[in-house]
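Reader: Hi! I'd like a close look at just one part of this protein, namely its pockets and what surrounds them. Please take me through it step by step.

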Amino acid sequence: MGSSITNNYPQGQITHLEVEQATIFQPGSDQDWTYSHHQHVVFYRGKLYAIWSNGRVNEDDTGQRVMMSTSADFHHWSAPLPLLDSQDGEYGEWVYTAAGFHVHGEKLIAYIGQYEYKPEHLSDGVRNSKTDAGHIRTGLLAMATEDGEHWSEPVDLGLRIVPNHGPQRTSSGRLIISGNISYPYTEDPEGLSGWRATGIYAAELESEMVDDSEYIHVLPPKMGWPTMLCEGSFYQTDDGRLNMLLRSKERRLWLTTSDDDGASWSAPEPTLFPDSNTKFHFGRLPDGRFYYVGSPVPDGRRNPLVLSVSSDGISFDRHTVLCDAPCERKFEGMHKGGDYGYPHSMIHDGWLYVIFSVTKEQVHIVRVPIAAV
């Protein structure tokens with residue numbers, strides 16, 4: 001099945017739907033806090049909530065924090081405030097990464113990945129290498145609120161992971177976190193306890209496995225993979241199978257599947273689903289169709305941003321361009337390539353919402369009526 005999954009892009013039907021768009025954040029002219037990425041959106045207590053990673057200059061550098069903004073009408077967003085501000089670690093400031101939301105009952109939980117750099121990988125308090133190396137104390141934090149205003153202190157969930165997306169329910173009610181090479185699961189409906197580790201790494205590597213942007217480069221030769229695999233997103237078909245698609249360096253997605261509700265995963269294999277070596281998000285529409293939001297053009301500099309739809313979860317053959325205007329980067333910074341970055345999506349009240357970064361500096365959101373998809 002894996003090799004048959006495709007988006008048929010651009011052979012299928014391609015349309016340009018008119019979308020509503022809003023700007024959540026853009027840096028000012030002072031050239032401070034000019035990096036924004038890893039954004040997520042959720043609806044809670046009558047408002048849209050957005051979080052994202054926010055750095056002074058570079059991607060995943062010391063002092064990176066998580067910002068939050070809210071909106072009651074989609075078009076107007078509150079002034080961003082830190083949900084978790086910069087804090088000192090043992091050798092330098094922590095690197096915090098926005099890792100998604102989960103709503104259970106009256107509670108909203110935000111997830112935040114963390115790590116810091118070893119001292120030999122720092123110069124004057126900032127990372128001294130373009131490579132992802134020297135991470136220590138990688139972990140996952142959770143912060144909760146029951147009114148959207150007052151948040152708990154961060155709680156360490158005991159997982160060595162910086163996730164790609166927040167917890168997602170399967171048909172059984174189990175929660176699964178889409179990581180890079182690990183996909184922890186829990187029966188706790190709040191998503192705050194009982195997490196169990198599993199993934200596509202060999203069992204004997206469990207003691208050393210750290211699911212972050214450093215170890216994903218260490219694992220492939222140990223597993224015999226020809227490419228790095230990371231940044232998963234999954235959907236469940238009616239037969240109960242979980243299909244976790246993975247980013248690779250081959251400009252096409254790879255696939256691992258689970259037939260036991262995420263307790264174990266198959267050996268990953270390549271698909272026929274091209275992409276531009278970036279993050280993406282899968283979901284399911286209310287009418288049962290499956291969808292993908294991402295950048296499917298292999299050499300497109302993460303442009304255009306496309307919504308692709310499938311009736312069977314195998315052939316994604318109906319395409320809508322959400323955004324394709326050229327973008328201009330305003331500020332310098334490490335690893336700040338691409339136009340439309342790291343989309344996350346959500347369905348609410350007849351709309352499909354997609355949040356994304358623009359040149360890893362601004363945070364934008366669009367929405368389209370589900371009836372038009």
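Author: Let's sort the residues into classes to begin with: Ala, Val, Leu, Ile, Met, Phe, Trp, Tyr, Cys and Pro count as nonpolar, Asp, Glu, Lys and Arg as charged, and the rest, Gly included, as polar. What you're looking at is a predicted model, where local features need pLDDT of at least 70 and side-chain atom pairs pLDDT 80 or more, while totals for chains, interfaces and linings use all residues. Numbering starts from 1 along each chain as its sequence is written, and side-chain values use heavy atoms, without hydrogens and water.

A pocket here is an open set of points on a 1 Å grid over the protein atoms alone, with protein on both sides within 12 Å along at least five of seven lines, and lining residues have an atom within 4 Å of a point. The volume is the space filled by probe spheres set on those points, which are joined across faces, edges and corners.

The largest pocket comes to about 800 Å³. It is lined by 29 residues, and P167, Q168, R169, H281 and S345 are the closest to its centre. Seen by class, that lining has 14 nonpolar, 13 polar and 2 charged residues. Now for the second largest pocket, at about 700 Å³. Here 33 residues form the lining, with E59, D132, E231, R247 and Y342 closest to the centre. Its lining has 7 nonpolar, 12 polar and 14 charged residues.

Which elements are involved? Helices (H or I, at least four residues) and strands (E, at least two) are DSSP runs numbered from the N terminus. The second largest pocket gets two or more lining residues from α1 (215-223) and from β16. In the largest pocket, β24 gives the largest share of the lining, 5 residues.

So let's zoom in on β24. Strands pair if DSSP finds at least two bridges between them, and β24 has 7 bridges to β25 (residues 351-358), running antiparallel. Y340 sits opposite V358 in β25. The hairpin of these strands has 2 residues between them, and D349 takes a positive phi near 50° there.

And β16? This strand belongs to an open sheet of 4 strands, ordered β16-β17-β18-β19 with antiparallel pairing. Its edge strands are β16 and β19 (269-274), each pairing on one side only.

Technical notes. 1 Å grid on protein atoms, 1.4 Å probe; cavity = no way out; pocket = protein on both sides within 12 Å on 5 of 7 lines; lining within 4 Å.
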